[in-house]
Amino acid sequence: MTVNVERPIAVRRKLAAKPFSRADRLFFGVAKAAAFSAIVIVLLILAFLLSRSASTFAEQGIIDFIFGSTWDASLSPIKMQLWPMLWGSILISLIGTVLAVPMAISIAYFIEFMAPKRVAKVATLVVDLMAAIPSIVLGLWGAFVFTDVAAGWSKQLNALFGFIPIFENNSDNFLRSPFIAGLVVTVMIVPIIASITREIFSQMDRDIINASLALGGNRESTLRKVILPTAGGGVVGGILLGLGRALGETVAILYVLNLVFDTNWYQILESKGGSIASMIISKFGEAGPEEVGGLMAAGVVLFVFTLIINALASYIVAKAQPWRK
Amino acid sequence: MTLNDSHLRSEDVNVWFGERHVLKNVSLEFPSNQVTALIGPSGCGKSTFIRTLNRMHELIPSAGFGGKVLLDGEDIYGEGVDPVKVRLKVGMVFQKPNPFPTMTIKENVLSGLKLSGRKSENAIELVETSLRRASIWNEVKDRLNDPAISLSGGQQQRLCIARSLAMDPEVLLMDEPCSALDPGSTRRIEETILELAPQMTIVIVTHNMQQAQRVADQTAFFLAEDGNPGYVVEFGRTEQVFEQPIDPRTNDYVNGHFG
């Protein structure tokens, strides 16, 4: 029998793309509502913040508000400028990330590639548990236990490396510095980054790792030249997620940092720093209506900044692994 | 075949995973410049055995080992022997083509050097000779900087062979190198094996009886019965194992009666 395809082509029919049964329709409805409400909530929050802060942005000027360094509610007219706090948030997050990344990657590597199964299970649990510690608890621990210890480390760092500008300290006060706040943030974001990195590692093709070892690579070169480049996008995504949390951290930093409206550019051991979120909460109680507007505006800046970081995270995760379709 | 020709030799190799004894007293000789095929039904331990020859099996956390593997007379499990050094002499090609996805074709060929922290004076030359030896040079010479994953499956596998050859190993282990490939690619790989055979010792695990007959000088038949550890039922010249097997189970297997 021969096949003749030269007949008229069958008419293209409609396919059922929509839910058919009642149960399916209900399920689709619920899922859709949930998804849209998430978007609506974010937009509503942004709208609320913008409406309450619009006057601040108008009176202070957007550029001056973000990049100026004076915040004084006793002046008339009131002057509100955010930069020392914005920079402080960035500095603390950078310290936290720089310290957390190697630690988190090591933890993930240990759990995924070294530990026996039982140890790996327990370690995974502990890391996830660490991520669940409320930040107020970490703040209290930071204030009452950790600050003194870390101040001791700071002194030693200063004694050994004081000639490097970032380790300068001219006040002999090592408490409540960006360095200590950065360490507390490290404790908070290590589990986030470790958990995501471990997940990415666990999804990696073991054959590629084996190939590296079979070619005479050792564990270190395999991690550096094969595992990290292959898992890179996911790991960077995890790091940026941790960074997002670090930027938004409020209470824990409030307890361990001296908030000063005088930009501390790099002297991380000085008892002087900034953090938008902590500043908002520390000023909120005594703020007059006009200053509250300024705090809302600070919230907008933080919100947008965090949004940018998160957008960057998802972009990198999606784009950095072209071979994963 | 005398013992002195034997470049690689296993003596009473036993392997355990946790409490499970998976290989029992495997003693095989792999003469220089010959191809040895390891055949047998799934789960008989041949893939595990081939991994004992470059100490890859010990990457599984619960793995245990007994016996000896002698490479040029030296026990690769001897005290003070670095498994990483063993793997420099004994290369491996895996079942599934596994080029490094983040690297280009050229980088893949040179990856072993980078991973083992060595420098090559003639990197460009090494890329060409390695790719030529794996008979893929003509297909990729104009696109050495393309990502390795842009190649077809068969080309990727030959790239993986080239990657191993760049390290100039004395022994090349191949664990079912064609099982993920189409017949055309399989034929190319087999030709490559035959071209390489005069220069090195090759051990290949295969499920394909015709393949064993086409490429191997000698063949070992592995079997694991009812949860017992795998062992070698028969080992000899390939023609003999296939045409006049001594053990009836070998006869059944090579003629497709089970497995």
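Two exercises with worked solutions follow, on a predicted model. Residues are numbered from 1 along each chain as its sequence is written, while chains are lettered from A and ligands numbered from 1 in the order in which they are written. In this predicted model, local features need pLDDT of at least 70 and side-chain atom pairs count only at pLDDT 80 or more, whereas totals for chains, interfaces and linings use all residues.

**Exercise 1.** Describe the side of chain B that touches chain A.

Step 1. Contact requires C-beta atoms, placed from the backbone, within 7 Å. On this basis, 25 residues of chain B are in contact with 20 residues of chain A.

Step 2. Two or more residues each come from α2 (83-89), β6 (90-93), α3 (105-115) and α6 (153-165) of chain B. Helices (H or I, at least four residues) and strands (E, at least two) are DSSP runs, numbered from the N terminus.

Step 3. The most is given by α3(B), with 4 residues.

Step 4. This side of chain B has 12 nonpolar, 9 polar and 4 charged residues. Nonpolar denotes Ala, Val, Leu, Ile, Met, Phe, Trp, Tyr, Cys and Pro; charged denotes Asp, Glu, Lys and Arg; the others, Gly among them, are polar.

**Exercise 2.** Describe how domain 1 of chain A meets domain 2 of chain A.

Step 1. The assignment, automatic or from a database, gives domain 1 (22-72) and domain 2 (84-319) in chain A.

Step 2. Taken over C-alpha atoms, the centres of these domains of chain A are separated by 25 Å.

Step 3. In chain A, 13 residues of domain 1 are in contact with 13 residues of domain 2.

Step 4. On the domain 1 side, α1 (22-60) and α2 (62-67) of chain A each supply at least two residues; α1(A) gives the most, with 8 residues.

Step 5. By class, that side of domain 1 of chain A divides into 7 nonpolar, 5 polar and 1 charged.

Methods
Two residues are in contact if their C-beta atoms, placed from the backbone, lie within 7 Å.
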